[in-house]
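Welcome! Take a moment to look over the sequence and the 3D view, and then we will walk through a few spots together.

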Amino acid sequence: MEVRAKKALGQHFLTDQSIARTIVNSLTVSPVRDVLEIGPGMGVLTQYLIEREDLDLKMVEVDTESVDYLLTHLPGMQGKLMEADYLRLNMRKVFPGEYRVIGNFPYNISSQIFFKILEDKDLVPEVVCMIQKEVAERIAEKPGSKTYGILSVLLQAWYDIDYIISVGSGAFCPPPKVQSAVIRLRRNSRTDLGCDEKLFKTVVKTAFNQRRKTLRNALKPLIKEGMDTSDPVFDLRAERLSVEDFVALTLRFQD
């Protein structure tokens, strides 16, 4: 029995076993035993994850065909495998405390997965994932680059990012039309942004929504009447600002 890759679910099954091992080995040995694998598919990562005695593994898979395959071909899946949409799960009901995340994320929803992880950032100390290379580079990029964007700022505010390896399309079946990459996110020591977190997100998203404009123009929807925008920071574009710069900018809008 093979699982048919479904375009609507963004499925491209990793077949390169050495890459699979690299991904699993990139998940550090940690006091946090609980691990969630998102989208196990045909179990290419799962087979190595269940070998690790330092992990208590759960999986979430939306594809019924993949669920049937895993239950048939891998031992001990009962009670560990949830047939559900990760984006709709309340993870605080799945795990009583901290949990780490691993997976070959469907490329068409990878950004949505990261936004959900950010919602649980106080519970998720580590993420290891394969995603589209372009997105991986954007997340890991530093200020000043044209690829630096919303996800870069929001994730780097709370996580240190490691770019592990690039992966060619030949490592998958069917081969995707894009290149892939493995990255690791580790929770940094920040416990508070020092500004209103909801407003911070709004400022970052608004600034990058018109990234070719200066902040003075891009942030017009947020600028209140009488607000002083003479500071040179408003002459910059969003891609020039670090996380700390965006925190300082957000504080201006809080006043």
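Is cysteine 129 buried or exposed? Cysteine 129 counts as buried, because its relative accessibility is 0%; buried means under 20% relative accessible area, exposed over 50% and partly exposed in between, using a 1.4 Å probe and protein chains only. Keep in mind that this is a predicted model, where local features need pLDDT of at least 70, side-chain atom pairs count only at pLDDT 80 or more, and totals for chains, interfaces and linings use all residues. Residues are numbered from 1 along each chain as its sequence is written, and side-chain values use heavy atoms, leaving out hydrogens and water.

**Cysteines**
- Cysteine 195 is buried too, with a relative accessible area of 12%.
- Searching the whole structure turns up zero disulfides (pairs of cysteine sulfur atoms within 2.5 Å).

**Helix α3**
- Helix α3 spans residues 64-73, and Ser66, Val67, Tyr69 and Leu70 are buried in it.
- Seen down the axis of α3, these buried residues fall within an arc of 160 degrees, so they line one face of the helix; the arc is that of the directions from the helix axis to the C-beta atoms.
- Among the elements covering the buried residues of α3 are β1 (13-14), β3 (56-61) and β4 (81-83).
- Helices (H or I, at least four residues) and strands (E, at least two) are DSSP runs, numbered from the N terminus.

**Aspartate 120**
- You will find aspartate 120 in the loop between α5 (110-119) and β6 (126-132).
- Aspartate 120 has a relative accessible area of 7%, so it is buried.
- Not counting residues up to four places away in sequence, aspartate 120 touches Met91, Arg92 and Tyr99, where contact means heavy atoms within 4.5 Å.
- Aspartate 120 and tyrosine 99 are 21 residues apart along the chain, and their C-alpha atoms are separated by 9.6 Å.
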